Amino acid sequence: MPPKFKRHLNDDDVTGSVKSERRNLLEDESDEEEDFFLRGPSGPRFGPRNEKIKHVQNQVDEVIDVMQENITKVIERGERLDELQDKSESLSDNATAFSNRSKQLRRQMWWRGCKIKAIMALVAAILLLVIIVLIVMKYRT
């Protein structure tokens, strides 16, 4: 849909507007900072600005140093976390293996106890039979 207010501009309108905009921007009413960026540095105004810029640049450099240290610490922390995760996985695997071996050993010891009880019961039964047979033979004779 075409715009309702369509105006055709010629080259003179465009170049004239650029010059008038620049003139408006460079008028005395503009701020000192805007003049600096539009006109560039000038003699007396650039000296104190240079000190401020150096001060700000020093602050930026300090912040950059702190951030680089923080990034280094974060990377080291990530490496330590990876090592800790590997160790915890290894510990978990060892705990699982220990649990399985302890269950197996418990079963073996239970069977060994059952075998010893069965052998003792068998020896007691044989002794009892021998005693009974001896007593029976003594009374028969």
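This text walks through a predicted model, from the overall fold to a few local features.

Start with the chain as a whole. It has three helices and zero strands. Read along the sequence, the pattern is α-α-α. The accessible surface comes to about 13,800 Å². Carbon and sulfur atoms account for 60% of that area.

Now turn to helix H3, which covers residues 43-140. Valine 130 is found in this helix. Its relative accessibility is 42%. Buried means under 20% and exposed means over 50%, so valine 130 counts as partly exposed.

Valine 130 also belongs to a nonpolar patch on the surface.

The last stop is the aromatic side chains. A pair of aromatic rings is described by the distance of the centres and the angle of the planes. How many aromatic pairs does the count give? The count comes to one aromatic pair. Tryptophan 110 and tryptophan 111 form this pair, with 4.9 Å from centre to centre. The planes stand at 75 degrees to each other. Edge-to-face requires over 60 degrees, so the pair falls in that class. Tryptophan 110 and tryptophan 111 are both exposed.

Conventions. Residues are numbered from 1 along each chain as its sequence is written. This is a predicted model: local features need pLDDT of at least 70, side-chain atom pairs count only at pLDDT 80 or more; totals for chains, interfaces and linings use all residues. Side-chain values use heavy atoms; hydrogens and water are left out. Patches are made of residues with over 30% relative accessible area and no salt bridge: like charges are joined within 9 Å, nonpolar side chains (Val, Leu, Ile, Met, Phe, Trp, Tyr) within 5 Å. Accessible areas come from the Shrake-Rupley method with a 1.4 Å probe; for residues, only the protein chains shown count as cover. A salt bridge is a side-chain nitrogen of Lys or Arg within 4 Å of a carboxyl oxygen of Asp or Glu. Helices (H or I, at least four residues) and strands (E, at least two) are DSSP runs, numbered from the N terminus. Buried means under 20% relative accessible area, exposed over 50%, partly exposed in between (1.4 Å probe, protein chains only). Rings of Phe, Tyr and Trp (its six-membered ring) pair if their centres lie within 6.5 Å; planes under 30 degrees apart count as stacked, over 60 as edge-to-face and the rest as tilted.
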